[in-house]
Amino acid sequence: MTRRHTDRIGAPAPTPEPAPASASGQPARRVPRRAATAGPVRLLLLLGATLTALVAAIAFGAAGLPLGDVLDALAGRGDPSTTAIVLQLRLPRALLAALAGGGLALSGAVFQAVLRNPLAEPYILGVSGGAAIGAVAAVVLGWGAHAPWAVPIAAFIGAVVSIVVVFRIAAGVGRRLDTRVLLLAGVMAGAFFNAIILLLLTFADVETFRSALFWIMGSLSGATWPAVLILAAYFVPAAALLIALARPLDLLALGEETALFLGARVERVKWAAFLVASLLVGVSVAVCGVIGFIGLIVPHAIRLAWGSGHRLLLPASVLAGAAFLLAADTVARTIAAPAELPVGVVTALVGVPVFLLLLTRS
Amino acid sequence: MLAERFLSIATALAILLSTGGCTDGKGADRGAPRGALAAQSAEACVDGAGQSCPEGPGAVVDDAGRTVDLPAPARRVISLIPATTELIVALGVTDRLLARTDYDTDPALAALPSVGQGLTPSVEWLVSLAPDLVIAWPDAQSRSVVGRLDALGIPTYGARIERIDDALSTIRRIGILLGLDARADSLARDVEAQLAEVGRAVEGRPRPSVFYVVWFDPPRTAGPGTFVDDLITLAGGTNIFSDAPTGWPQVGLEEVVRRQPDVVIVPVGEGNGASLERLRTTPGWSALRAVREGRVYEVDAEIFNRPGPRIGEVARRLATLLHPASLAGEVAP
């Protein structure tokens with residue numbers, strides 16, 4: 001790997017030279033002028049890919065329904081079993097995949113920007129471990145048997161507790177929020193939670209174990225309309241807010257001092273970005289477990305292809321993440337039908353070679 | 001990564017789950033009493049075929065405490081648990097099964113499509129088969145499968161077969177749902193008679209201590225509250241890990257050596273890496289007196305690890321292994 005490659009993937013620091021500020025206080029954009037038109041075109045392309053993946057996810061499945069039947073079911077006609085498959089199983093699952101994939105890729109891109117660490121991924125602040133402990137605790141205490149929502153809610157609470165603990169640690173060290181401390185605290189909390197899970201599981205019965213496994217491996221098989229609505233209700237404002245932070249994130253990529261100099265309210269941006277992105281991860285973990293690789297691979301792939309300006313990167317990550325998880329889940333549902341593969345297996349098996357190809361081509 | 005650690009342990013457990021799969025017997029969330037059978041339509045359905053039962057087969061309470069009440073005897077059945085699949089075959093209605101798992105290796109089922117290892121079946125595929133009864137483990141993951149099917153109006157029965165008594169009551173309850181009350185009752189009586197015969201044959205004999213190798217590496221065995229523990233006791237042995245904290249504990253080889261079992265039972269197959277040869281050549285295992293003196297017995301995991309209708313047969317075979325000299329003539333092999 002050449003130095004140039006390392007630079008590109010070491011991504012969020014886009015330009016080695018300090019960006020000269022123009023008279024109006026606007027920093028020079030890293031993306032050249034032609035990007036002004038290229039950006040929307042690229043987003044439209046990705047939107048097309050996402051919609052294609054969405055249609056494929058609804059059209060294909062283990063049941064092998066003819067396309068006409070699927071269309072009939074969407075229109076509310078057709079026999080009850082086909083209608084149930086399309087409207088109650090495939091459609092909510094496809095939408096959940098799109099929302100979760102988009103949310104994970106977006107929060108991955110944000111974490112990488114704010115932590116200025118190319119290895120940052122959505123679960124780096126210990127969210128996955130916290131969620132798994134919450135879920136396991138709910139199962140051990142027998143809540144899950146009575147209320148179907150008890151386990152996801154417990155997983156979400158676990159994720160939030162982990163976020164709070166990590167931020168308390170980071171906030172307690174020094175006057176400003178030090179991202180290195182935050183990163184360390186996240187990794188430490190993650191390691192600690194994982195140890196607790198392994199300890200619990202050593203003495204756990206098989207049922208608890210399987211529940212925990214479900215959370216650790218991630219799956220969209222539990223997709224229901226309420227789950228879709230809950231994720232969407234948080235996703236829409238969170239994504240809007242994070243994408244609105246694109247310019248301050250561009251500035252942050254230049255270094256906190258420079259960003260401060262150029263007028264970014266660094267502390268506020270960091271806190272807002274972290275909290276909103278962490279909660280987005282927490283909600284997605286609560287409804288579909290920990291699905292790996294998307295938050296790491298998708299933003300990097302877009303940086304490699306189109307550069308690291310956040311105005312394009314953030315919305316592009318949402319669309320590409322949605323398309324990628326939709327496609328991966330469609331493969332997971334159909335390739336070994338009637339069994340299902342864990343979707344994380346597909347995201348890694350397909351994502352890693354594609355990513356390496358992009359990396360060596362660039 | 002944590003996920004990798006999980007996967008390695010999960011491989012072992014997946015096998016365990018799909019074959020005998022049990023928990024530690026707490027059963028805390030079980031609302032209704034065990035084996036609560038509704039006998040209302042039993043008399044009406046004695047012909048066993050179910051055709052003369054216009055009002056449905058009668059409600060039963062499954063192991064998750066849910067009441068399963070079918071409008072008619074189940075004719076299109078999907079069993080995701082090998083033990084209940086065997087039961088349906090034993091009741092003579094193999095033709096009602098729509099699918100199998102990879103663990104159902106019975107040649108009579110070979111033509112059926114397999115849902116894989118039964119852990120993550122495709123819900124939409126199950127729905128597309130239009131079953132009128134799905135039998136699955138009522139745990140958190142299956143619960144998502146079971147919950148989905150329930151919401152779509154497909155009746156499900158959660159079977160969590162932990163002990164011998166559960167296996168017997170499962171025979172009767174599934175029988176009711178199939179409209180085969182009388183046939184299931186007579187099958188259950190046969191199994192009970194087999195178990196009782198074994199119990200009588202070993203009565204008053206010295207009880208050898210037994211180590212049952214559920215999994216070879218890392219060693220995992222059957223603890224208290226499991227049908228394996230029940231069967232060892234019934235067959236005139238003592239499970240050396242009947243004091244374990246959980247149902248299917250992982251145990252230290254050192255502890256096995258310290259407890260020096262008189263007999264080692266090795267279920268072979270279904271991914272369990274154990275065999276007589278490996279025990280002889282692996283340090284630690286080879287230090288067991290039972291291994292050195294040739295009291296290690298290989299058995300078929302597909303039969304021994306399943307709490308299905310063959311537990312009577314398993315009890316007999318265990319008894320002849322534990323009391324070889326004295327029992328040869330008394331319990332038919």
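Student: How many residues of domain 1 of chain B are in contact with residues of domain 2 of chain B?

Tutor: Please note that the model is predicted. Chain B is divided into domain 1, spanning 37–191, and domain 2, spanning 205–327. Across the boundary, 16 residues of domain 1 of chain B are in contact with 14 residues of domain 2 of chain B.

Student: Which elements give two or more residues to the side of domain 1 of chain B that touches domain 2 of chain B?

Tutor: They are helix 2 (82–90), helix 5 (164–177) and helix 6 (181–202) of chain B. Helix 2 of chain B gives the most, with five residues. By class, the residues on this side of domain 1 of chain B are eleven nonpolar, one polar and four charged.

Student: Let us turn to the sheets. What holds the strands of a sheet to one another?

Tutor: Strands of a sheet pair through backbone hydrogen bonds, and the pairing is either parallel or antiparallel. In chain B, three strands form an open sheet in the order 3-4-5, with parallel pairing. Strand 3 (77–79) and strand 5 (156–158) of chain B are the edge strands, each pairing on one side only. From one strand to the next, the twist averages 15°.

Student: How many bridges join strand 4 of chain B to strand 5 of chain B?

Tutor: Three bridges join strand 4 (residues 133–136) of chain B to strand 5 of chain B, and the two run parallel.

Student: In what order do the strands of the four-stranded open sheet of chain B lie?

Tutor: The order is 7-6-8-9, and the pairing is parallel. Its edge strands are strand 7 (238–239) and strand 9 (296–300) of chain B, each of which pairs on one side only. Strand 8 (residues 263–268) of chain B runs parallel to strand 9 of chain B and is joined to it by five bridges. Val264(B) has Val296(B), in strand 9 of chain B, as its bridge partner.

Student: Which strands of chain B does helix 12 of chain B lie across?

Tutor: Helix 12 (residues 311–322) of chain B lies across strand 6 (209–212), strand 8 and strand 9 of chain B. The helix runs at about 140° to strand 8 of chain B.

Student: What describes a pair of packed helices?

Tutor: Two packed helices are described by the angle between their axes and the distance between the axes. In chain A, helix 4 (residues 80–115) and helix 9 (residues 225–244) pack at an angle of about 30°, with their axes 10 Å apart. Because of that angle, helix 4 of chain A is roughly parallel to helix 9 of chain A. Their crossing is left-handed.

Student: Which residues meet where helix 4 of chain A packs on helix 9 of chain A?

Tutor: Helix 4 of chain A contributes residues including Leu95(A), Leu99(A), Gly103(A) and Val110(A). Among those of helix 9 of chain A are Trp225(A), Leu231(A), Phe235(A) and Leu242(A). The contact divides into 15 nonpolar residues, one polar and no charged.

Student: At what angle do helix 13 of chain A and helix 15 of chain A pack?

Tutor: Helix 13 (residues 294–306) and helix 15 (residues 343–361) of chain A pack at about 25°, with their axes 10 Å apart. The two helices are therefore roughly parallel to each other, and their crossing is left-handed. Residues of helix 13 of chain A, including Ile297(A), His300(A) and Leu304(A), meet residues of helix 15 of chain A, among them Thr347(A), Gly351(A) and Phe355(A). This contact has eight nonpolar, three polar and no charged residues.

Student: Is the crossing of helix 5 of chain A and helix 12 of chain A left-handed or right-handed?

Tutor: That crossing is right-handed. Helix 5 (residues 127–140) and helix 12 (residues 266–288) of chain A pack at an angle of about 40°, with axes 10 Å apart. This angle makes helix 5 of chain A oblique to helix 12 of chain A. Val127(A), Ser128(A) and Ala131(A) of helix 5 of chain A meet residues of helix 12 of chain A, including Ser278(A), Gly282(A) and Val285(A).

Terms used
Residues numbered from 1 in each chain as written. Chains lettered and ligands numbered in written order. Predicted model: local features only at pLDDT ≥ 70, side-chain atom pairs only at ≥ 80, totals over all residues. Axes fitted to C-alpha atoms, helices over the stretch in contact; angles between N-to-C directions. Parallel < 35°, antiparallel > 145°, perpendicular 65-115°, else oblique. Left-handed = near helix turned anticlockwise from the far one by under 90°. Contact = placed C-beta atoms within 7 Å. Pairing = 2+ DSSP bridges. Domains from an automatic or database assignment. Nonpolar A, V, L, I, M, F, W, Y, C, P; charged D, E, K, R; others polar.
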